[in-house]
Amino acid sequence: MSNSKVIVITGASSGIGEAIAKKQAAAGDKIVLGARREDNLKQIKSDIEAADGQAEYLVTDVTDVEQVRALAQKALDAYGRIDVWINNAGLMPHSLLIDAKVDDWNRMIDVNLKGTLYGIAAAQHIFHEQNTGHFINLGSVASLYSHAGGAVYSATKWAVKAISESLREEEAQAGKNVRVTTLYPGAVNSELVAHMTDEKRREATAEFYKSFAIPAERIAQIVNDVLNMPADTTLNEITVRPTTQVQ
């Protein structure tokens, strides 16, 4: 398709990343998948190709800036350009600060915060050279409020909001036709809950999600809508929750 886009997605091995990949591949876009789990990436690539879509993948740890740059190069080698970069990789191991789960704190900072920055570092110069591009950063409703047990997760997601707004203004001033969108999802069926190392909190959150979490495909639909906006218009910030989610 002449109007197809090359879309790079981090955290693409499951959940929201997988749903976006399959939705956009079905729409005719060329997908470059980045994540750590190669078996999952192979299966998603196979699923896309079985439906007559196009996809490539590279095993990528977003906490390593050179691996993220290699993912960008994979897209350039395969398809010659990058039109959309989706910073989707994320972790959510909630815990109380008193429990001092420092390893969890560091993992969230490395994946949620540094991973987003590394994605920007990998793609921004490419977008400027092309004079077009689109960043989609995955925040969370936790970008907008915090609560007991969510301090560090919310801190990383507030940072994604701050980075995205600074990037949006920077790109508006640069005049390189680079758009910036940040999504703030509420409860979505994904593997985020499984990352929790606090067993009681994991079980409680899983039960909470079970009652109303929406499918990852809902977020993929929103991304599709975002990408179909005319180039002179950007949906900058979108908050989406299950209809019955309070916070």
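# A tour from the Ala148 loop to the sheet and its helices

Start with Ala148, which sits in the loop between E5 and helix H5 (151-174). The model is predicted. Is Ala148 buried or exposed? Its relative accessibility is 60%, so Ala148 counts as exposed.

Select the strands next. Seven of them form an open sheet, in the order E3-E2-E1-E4-E5-E6-E7, and the pairing is parallel. Which strands stand at the edges? They are E3 (54-59) and E7 (237-240). Each has a single partner strand, so one side of each lacks a neighbour in the sheet. Look along the sheet to follow its twist, which averages 15 degrees from one strand to the next.

Zoom in on E5 (residues 133-138) and E6 (residues 178-185). These strands run parallel and are joined by six bridges. Pick Asn137, then look across to E6: Thr182 stands opposite.

**Helices on the sheet**

Show H7, residues 216-227. This helix packs on the sheet and touches E1, E4, E5, E6 and E7. The direction of H7 makes about 160 degrees with that of E6.

Then bring up H3. Helix H3 lies across E1 (6-10), E2 (30-35), E3 and E4 (84-87). Against E3, H3 runs at about 150 degrees.

**H3 against H4**

The crossing of H3 past H4 is right-handed. Which residues make the contact? On H3, select Val65, Val68, Arg69, Ala72 and Leu76. On H4, select Tyr118, Gly119, Ala122 and Ile126. Colour the contact by class: seven residues are nonpolar, one is polar and one is charged.

**Salt bridges**

Stay on Arg69, which belongs to the contact with H4. The side chain of Arg69 also meets that of Glu66 in a salt bridge, 3.1 Å from N to O. Why are Arg69 and Glu66 about one helical turn apart? They are three residues apart in helix H3, so about one turn separates them. Arg69 is partly exposed, with a relative accessible area of 39%. Glu66 is partly exposed too, at 48%.

Arg81 is partly exposed, with a relative accessible area of 30%. Asp83 is buried, at 13%. The cut-off for buried is under 20%.

Go to H4 for another pair, Asp104 and Arg107. Both lie in this helix, three residues apart, about one turn. Their salt bridge has its closest N and O atoms 3.4 Å apart. Is Asp104 buried or exposed? Asp104 has a relative accessible area of 6%, so it is buried. Arg107 is partly exposed, at 32%.

Select Glu18, Lys22 and Asp47 together. These residues are linked in a network of salt bridges. How many salt bridges does the structure hold? There are nine.

Finish with the backbone. Most residues other than glycine have a negative phi. Two selections are worth checking against that.

First, click Ala100, in the loop between E4 and H4. What is the phi of Ala100? It is positive, at about 50 degrees, although the residue is not a glycine. Ala100 is partly exposed, with a relative accessible area of 44%.

Then click Asn131, in the loop between H4 and E5. Its phi is near 65 degrees, a positive value in a residue other than glycine. Asn131 counts as partly exposed, with a relative accessibility of 37%.

Conventions:
Residues numbered from 1 in each chain as written. Predicted model: local features only at pLDDT ≥ 70, side-chain atom pairs only at ≥ 80, totals over all residues. Heavy atoms only, no water. Left-handed = near helix turned anticlockwise from the far one by under 90°. Helix = DSSP H or I, 4+ residues; strand = E, 2+ residues; numbered from the N terminus. Contact = heavy atoms within 4.5 Å. Nonpolar A, V, L, I, M, F, W, Y, C, P; charged D, E, K, R; others polar. Pairing = 2+ DSSP bridges. Axes fitted to C-alpha atoms, helices over the stretch in contact; angles between N-to-C directions. Buried < 20%, exposed > 50% of the residue type's maximum accessible area, 1.4 Å probe, protein only. Salt bridge = Lys/Arg side-chain N within 4 Å of Asp/Glu carboxyl O.
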